[in-house]
Amino acid sequence: MQKSILHGLIFIQTWGESDELLRFLKGNEFVFSVFHIMGRHSYLVDALFHHKDELEQWIARVKAFRLDSGVPAVISTQSNKVIEVHKRKEDFSLKNYREIRDRNHMFMMIDNPTNDAALLALLEKVPIVQSILHVQGVHSFMVELITDNYQSFKDLLVMVKALGTVRHIETQEVINVHKYRNTILDETGELAVPKHDIRELYAL
């Protein structure tokens, strides 16, 4: 990854559904993926910036949205900087996500203060693990999981905890994928690119 690119995974917690906020996220030039998630946060956003000032201004813009009642739409944001990508999906699109909507699709956040090598060795050999990102922030790693069988997720939890180095695990299930690798679905259900930017090469 080029040093001029700041790759961030940003959690957004909202009071309720805001169509205006979602339209902004789907059309914004810095945002390459938008996952609607179930749990402590409402959205997981994969975004790319040239520098920290752009990120700061973007967060301020997100926090400025308000609901029809006048209250702020966004309660809080949490930013995580991507340090290294250890595994990512290849040849995967938004349509692929639509085809697997009946499967269990989750993001697992792992706080692992020591012995990253052992954790990575475990994660890389488990078939349900689709993406592994080393991040700087509240967590150590962000792991994407897709599985037909919920038991395989529980088995993974047991194996990760058995390492003895993990301090905390938080899992959030994906409700919907509104944007992925800079593509959305238009009104006819076809893939569309709201903004074109070569920084797509660096996306999750």
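Arg167 counts as exposed, at 62% relative accessibility. Here exposed means over 50% relative accessible area, buried under 20%, and partly exposed in between (1.4 Å probe, protein chains only). Arg167 forms a salt bridge with Asp111, the closest N and O atoms being 3.0 Å apart. The pair links distant parts of the chain, 56 residues apart: Asp111 lies in strand β5 (residues 104–111), Arg167 in the loop between α5 (150–162) and β8 (168–179). Asp111 is buried, with a relative accessible area of 12%.

This is a predicted model, where local features need pLDDT of at least 70 and side-chain atom pairs count only at pLDDT 80 or more, while totals for chains, interfaces and linings use all residues. Residues are numbered from 1 along each chain as its sequence is written, and side-chain values use heavy atoms, with hydrogens and water left out.

The whole structure holds five salt bridges. The term requires a side-chain nitrogen of Lys or Arg within 4 Å of a carboxyl oxygen of Asp or Glu. Helices (H or I, at least four residues) and strands (E, at least two) are DSSP runs, numbered from the N terminus.

Lys89 sits in the loop between β4 and α3 (94–99), and Glu144 in strand β7 (residues 141–147), 55 residues apart. Lys89 is buried at 4% relative accessibility. Glu144 is buried too, at 1%. Arg88 is partly exposed at 29%, and Glu90 is exposed at 56%.
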